[in-house]
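The paragraphs below go through a protein model, from the overall dimensions to single residues. Please keep the sequence and the coordinates open while reading.

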Amino acid sequence: GKINGQIEEVYSGQNIVKAFNREEASLAEFGETNRILYQSAWKSQFLSGMMQPIMTFVGNLGYVAVAVSGSMLAIKGVIEVGEIQAFIQYVKNFTQPITQVAQVSNMFQSTAAAAERVFEFLEEPEEDVTAAHGAAAVSGGAGTKGSVCFDHVKFGYQPDKIVIHDFSCNVEPGQMVAIVGPTGAGKTTMVKLLMRFYDVNSGAIRVDGQDVRDFNRSELRESFGMVLQDTWLFHGTIMENIRYGKLDATDEEVIAAAKAAHVHRFIQTLPGGYQMELSEDAS
């Protein structure tokens, strides 16, 4: 996992690596990670390769035991030679599945390691999408006027590390507000709280006089148009990406939205225009 992550980072950020002359440092880091992987991988392969010969040897010991004890009993006339043959067949049937399991023992180890990560992810508690106060959810969406009130908001991503200590603010419908401050001041955090990506520790945020925790998360977010700092485009056409927020939008509505965002002319200059296919990384 570490070596794959490093390769992906260096490959996708190769311009940064070149610009800061980090080739040798990246190679040294890769060499160290690769050495650790090599040490564990050859041990794993060696031990898994040893399992089959060991199991074959143990199985052969079983054949010897059956042959020796069987021949002694046959000489005494207790059993027939055919019964010895039958027992040898039984031993083979018994040891064969054990040998097969031993062959894939290293795969079992890898599966167990991978399963730990998967189950750690699956065991994370689900986010509550409903109204947090236990009351009936307030309907959001098209009827929202747009007044926003932060009322003595206190919040920290961890309870012992508070980011916003006591923030109050009233924004009237139609008013334009710029939130300015240095990195880490809590600008993005305020927007995340407003859209209920997180809930406040104390205080309240109200939209049109209603606490945002009285909204279902999905209905609350229908009231907002959010332009992210880091834009993510999906694999598909430009038109499909613009339509992502309203899947039933007509082509005319998509073009109108593009004109409103001043990207219509730029899109027309691209090969294929609105039907240009974008890759996953939007290159």
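Predicted model: local features only at pLDDT ≥ 70, side-chain atom pairs only at ≥ 80, totals over all residues.

**From overall dimensions to single residues**

At 62% relative accessibility, Asn21 counts as exposed, because the cut-off for that class is over 50%.

The overall form comes before the details. The secondary structure of the protein chain consists of 10 helices and six strands. Its C-alpha trace spans about 105 × 50 × 45 Å along the principal axes. The radius of gyration is 33 Å, whereas a compact globule of 283 residues would have a value near 19 Å. Of the 283 residues in the protein chain, 22% are buried, where buried stands for a relative accessible area under 20%.

Helix H3 covers residues 23–75, and Met50 is found in this helix. How far apart in space are Met50 and Gln103, C-alpha to C-alpha? The distance is 8.8 Å, although 53 residues separate Met50 and Gln103 in sequence. Met50 has a relative accessibility of 35% and therefore counts as partly exposed, since this class lies between the 20% limit for buried and the 50% limit for exposed.

Next come the backbone angles. Most residues other than glycine have a negative phi. Asn21 has a positive value, with phi near 50°. Its place is the loop between helix H2 (14–19) and helix H3 (23–75). His262 likewise has a positive phi, near 60°, and is a residue other than glycine. His262 lies in the loop between helix H9 (251–260) and helix H10 (264–268). Is His262 buried or exposed? With a relative accessible area of 75%, His262 is exposed, because the value is over 50%.

Which residues form a negative surface patch? The patch is made up of Glu116, Glu120, Glu123 and Glu124. Helix H5 covers residues 105–122, and Glu123 is placed in the loop between this helix and strand E1 (148–155). Glu123 counts as exposed because its relative accessibility is 63%, and the cut-off for exposed is over 50%.

Terms used: Residues numbered from 1 in each chain as written. Heavy atoms only, no water. Patch = residues over 30% accessible without salt bridge, like charges linked within 9 Å, V, L, I, M, F, W, Y side chains within 5 Å. Areas by Shrake-Rupley, 256 points an atom, 1.4 Å probe, with all protein chains shown as cover. Salt bridge = Lys/Arg side-chain N within 4 Å of Asp/Glu carboxyl O. Lys, Arg positive; Asp, Glu negative; His and termini not counted. Charge placed at Lys NZ, Arg CZ, Asp CG, Glu CD. Helix = DSSP H or I, 4+ residues; strand = E, 2+ residues; numbered from the N terminus. Buried < 20%, exposed > 50% of the residue type's maximum accessible area, 1.4 Å probe, protein only. Rg over C-alpha atoms; globule rule 2.2 N^0.38 Å.
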